[in-house]
Amino acid sequence: LAQAYPTKPVTIIVPFAAGGTTDILARIIGQALTAELGQSVVVDNRAGAGGNIGGQAAAKAAPDGHTLFMGTVGTHAINASLYKKMPFDPVKDFAPLTRVANVPNLLVANPAQPYKSVKDLIAYAKANPGKVNFGSSGNGSSIHLSGELFKSLAKVDMQHVPYKGSAPAVTDLLGNQIGIMFDNMPSAIQHVRSGKLVPLAVTTAKRSPELPNVPTIAEAGVPGYEATSWFGMFAPAGTPAPVL
């Protein structure tokens, strides 16, 4: 069976819109798999419901190795505790293949906003309750919960604006339709380096070597704050072991 695999193109279902970190990682893996397997590997973006729509599609796919799923900390760890009913079981319905990446989230702001540091943001949010809007890739995503954790620990009132992926949220952030975002670093860093977004802090316990001059949120005035994101590749449960 493994020798005959794959017999047709392989699809990687991405549960968020194109252009975000989940999509970026899937396309990197897809390019490498195309060379390795000798079959084309295509990315299928199924956005919505914090990743649950794509997760459901992958869980119900034929377990023959021709459909893979780029799961996240949201789809496989967070959502089960946030949604009353899940359209799939993140453990029973999937066969894990590998961890793909661990990444920090990056608190970024539009340059037109009046805050240039975490302390500025907290002061502004306390003086203007409910007026700071933060975007995310969807309810229950690590980007969303990074913001909720910040609200809780910093004791500020901010409005959450969910999107169907990181990329459309970043588009609105660049257009100053929302003020800030706790985006996965791979999809935000290009805009930081180009000067289109202002980096306020990273969400991890230690600074990122990619942006060594950007403090952690804990360093910047919110003690105890820490949040990370992980991404992993899965196949539908029941996929034969030789194929996995």
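Arginine 27 and aspartate 23 sit four residues apart in helix α1 (residues 21-37), so about one helical turn separates them. Helices here are DSSP runs of H or I with at least four residues, strands are runs of E with at least two, and both are numbered from the N terminus. Why does a spacing of three or four places matter in an α-helix?

Aspartate 23 is buried at 4% relative accessible area, while arginine 27 is partly exposed at 36%. The cut-offs are under 20% for buried, over 50% for exposed, and in between for partly exposed (1.4 Å probe, protein chains only).

## What kind of model this is

This is a predicted model, where local features need pLDDT of at least 70, side-chain atom pairs count only at pLDDT 80 or more, and totals for chains, interfaces and linings use all residues. Residues are numbered from 1 along each chain as its sequence is written, and side-chain values use heavy atoms, leaving out hydrogens and water.

How many salt bridges does the structure hold? There are five. One of them pairs glutamate 210 with arginine 193 at 3.1 Å, N to O. Glutamate 210 lies in the loop between β8 (198-202) and β9 (228-236) and arginine 193 in helix α7 (residues 185-193), so the pair ties together parts 17 residues apart in sequence. Glutamate 210 is partly exposed at 47%, and arginine 193 is exposed at 56%.

## Helix α5 and what follows

Helix α5 (residues 142-154) has 13 residues and reaches 18 Å from first C-alpha to last, close to the 18 Å expected. That expected span is 1.5 Å times one less than the number of residues. Its buried residues include Ile143, Phe150 and Ala154.

Lysine 155 is in the loop between α5 and β6 (159-162), and it is exposed at 66%.

Most residues other than glycine have a negative phi, and most peptide bonds are trans. Asparagine 176 isn't a glycine, yet its phi is positive, about 65 degrees. Tyrosine 5 and proline 6 are joined by a cis peptide bond, with omega about -5 degrees.

Key
A salt bridge is a side-chain nitrogen of Lys or Arg within 4 Å of a carboxyl oxygen of Asp or Glu.
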